[in-house]
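Open the structure in your viewer and get ready to select a few residues at each stop.

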Amino acid sequence: MTATQILLLIGAYFLVLILISYVTGKNDSNADFFKAGKQSPWFVVAFGMVGASLSGVTFISVPGWVEDSQFNYMQVVLGYLVGYFVVAFVLLPLYYRLNLTSIYEYLLERFGTVSHKTGAFFFFVSRVLGAAFRLYLVAIVLQQFVFDDLGVRFEFTVVISILLIWIYTNKGGIKTIVWTDTLQTLFMIVAVLLSIVFINQELGWSFGEFLASDELKGYNDFLVTDSFLDRNYFIKSFVGGMFVTICMTGLDQDMMQKNLTCKSLKDAQKNMVSFSFVLVGVTFLFMLLGALLFIYDKRNGIGIPLMDGTPKTDLLFPEIALNSGLGLALSITFMLGLIAAAYSSADSALTSLTTSFCVDFLNVEKKEDAEQKKIRKRTHVGMSLMLILVIIAFKYILSSNVIDSLLTVAGYTYGPLLGLFAFGILTKHKIHDGYVWVVALLSVCIIVLVANIPSSYLGGYQVGYELLPLNGLLTFFGLWLIKKKEKFNTVQ
């Protein structure tokens, strides 16, 4: 597939998204931008959230991780499943009862202004890094397989990517995204299914023969139970995955903003439960695809693609799909899936960052009606520019597999949110609000130190995804130290 063909495909795809934006964004009100008028069908939200949760990171990085991790990642995914039930039946009832626009408004009512700003700040950092991770991955694929041939710099690739997202989210916001995510999820799932079919055909296998093959058995190491010291030990991965979901979905304005557009709490819960099971199944398909890619690679001697002279397993899928002579159908399938996966998470991230900054930091809902829309639009532009700068910076500082980097960073940035919400929900204590930012900062600093302790100093113990619950526990303990004697009795 030539660079020109890929550009035409991308252009056609975005014309469809812009058309959806035109239809859904006619009102151009803050109410629709932030909450979609609370009229979204729950099944549409559920299906669209699959694409937003998986993103370009899953589409590219999870298959590329199979060689190193086997199917160990499914241990984390099973933890996700439990976490989604916690979100559905603990957090969603709280958010609907308080009729929140930003979920961090709960911290304002429960603890005070500093807690509110601290929670919103950590979401802000988390989502900026998370969205940048996802868009960075897509940008390097487009750069490697399209724009390098055209002599276009990486920085320009990033600017164009963000500009296209801004164009179709500028008016409709979350109302537009609920519907564009549905289309993008469909493209992504079809892409992974067709990729498995096409590569199996090239290898002369049926799907059943692939599942029964000795080569697949070399990748299906699922449970790590040999030693608790291992980084990927089952209990550590499972518990870590559960808390990753609670934080990166339940305490994340991006994911919760979609749920809060449903008509009722019951609809939102149906959305969350159905979405969770679909997500587990789709992720397993990505793991199968990853094994298939490495099998194909070894049979044909393709080799891991290089980026800046370094092997990059994240680029194996695009290398096989676009440059291995498997036909135009696979190339088109891959590009549509990649674009859909990337932008289904990035567009909602940009919208949620705009929402959180407007509500949590600028108090937009207290402004005059005429001023509210102007503030939202200026903020939307500012968030776009910030994402551009962070993505460009990643090119020069990121070295490991992107999905691993994303989950590791989540352990640092989402921990204070976990501790704050847990303390608010599980206790009735008030706290000295002015010290909350100190507790959160100290907790993160301690976790960074723990993460960098050599395993030899810990008797061979390797720190993994349990950093996130540990971070939340430290924050919870810190809040306990600054609690007041009187108890809180209003919002529980």
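A salt bridge is a side-chain nitrogen of Lys or Arg within 4 Å of a carboxyl oxygen of Asp or Glu. Before you go looking for one, note that this is a predicted model, in which local features need pLDDT of at least 70 and side-chain atom pairs count only at pLDDT 80 or more, while totals for chains, interfaces and linings use all residues. Residues are numbered from 1 along each chain as its sequence is written, and side-chain values use heavy atoms, with hydrogens and water left out.

**Stop 1: salt bridges**

The structure holds six salt bridges. Select Glu215 and Arg299 to see one of them: their closest N and O atoms are 2.9 Å apart. Glu215 belongs to helix H10 and Arg299 to helix H13 (residues 265–300), so this pair ties together parts that are 84 residues apart in sequence. Helices here are DSSP runs of H or I with at least four residues, strands are runs of E with at least two, and both are numbered from the N terminus.

How exposed are the two partners? Glu215 is partly exposed, with a relative accessible area of 31%, and Arg299 is partly exposed too, at 42%. The words have cut-offs: buried means under 20% relative accessible area, exposed means over 50%, and partly exposed is in between (1.4 Å probe, protein chains only). The areas themselves come from the Shrake-Rupley method with a 1.4 Å probe, and for residues only the protein chains shown count as cover.

Stay in helix H10 (residues 214–217) and select Asp214 and Lys217, which are three residues apart, about one turn of the helix. Their side chains meet in a salt bridge, at 3.8 Å from N to O. Asp214 is exposed, with a relative accessible area of 64%.

Now move to helix H13 and pick Asp267 and Lys270, again three residues apart and separated by about one helical turn. This salt bridge has its closest N and O atoms 3.5 Å apart. Is Asp267 buried or exposed? At 15% relative accessibility, Asp267 counts as buried, whereas Lys270, at 35%, counts as partly exposed.

**Stop 2: the largest pocket**

Rolling a probe the size of a water molecule over the atoms shows where empty space is left. On a 1 Å grid over the protein atoms alone, a cavity is a set of points where a 1.4 Å probe fits but cannot get out, and a pocket is an open set with protein on both sides within 12 Å along at least five of seven lines; lining residues have an atom within 4 Å of a point. Grid points are joined across faces, edges and corners, and a volume is the space filled by probe spheres set on the points.

To find the largest pocket, select Val86, Val90, Leu91, Phe243, Ile246, Leu251, Leu418, Phe421, Ala422, Ile425 and Leu426, which line it. About 200 Å³ of space lies in this pocket.

Which helix gives the most to the lining? That is H18, with five residues. The lining residues divide into 11 nonpolar, no polar and no charged. In this count, Ala, Val, Leu, Ile, Met, Phe, Trp, Tyr, Cys and Pro are nonpolar, Asp, Glu, Lys and Arg are charged, and the others, Gly among them, are polar.

**Stop 3: a nonpolar patch**

Show the surface and select Leu15, Ile18, Leu163 and Ile167, which form a nonpolar patch with about 340 Å² of accessible area together. Helix H1 (3–24) and helix H7 (154–169) are the elements that give two or more residues to the patch. Patches are made of residues with over 30% relative accessible area and no salt bridge: like charges are joined within 9 Å, nonpolar side chains (Val, Leu, Ile, Met, Phe, Trp, Tyr) within 5 Å. Leu163, in helix H7, is partly exposed at 41%.

**Stop 4: two asparagines**

Select Asn99, in the loop between H4 and helix H5 (105–110). Its phi is near 55 degrees, a positive value in a residue other than glycine. Then go to Asn363, in the loop between helix H15 (328–361) and helix H16 (369–397). Asn363 has a positive phi of about 50 degrees.

Phe198, in helix H8 (residues 174–203), is 131 residues from Ala329 in sequence, and their C-alpha atoms are 8.6 Å apart in space.
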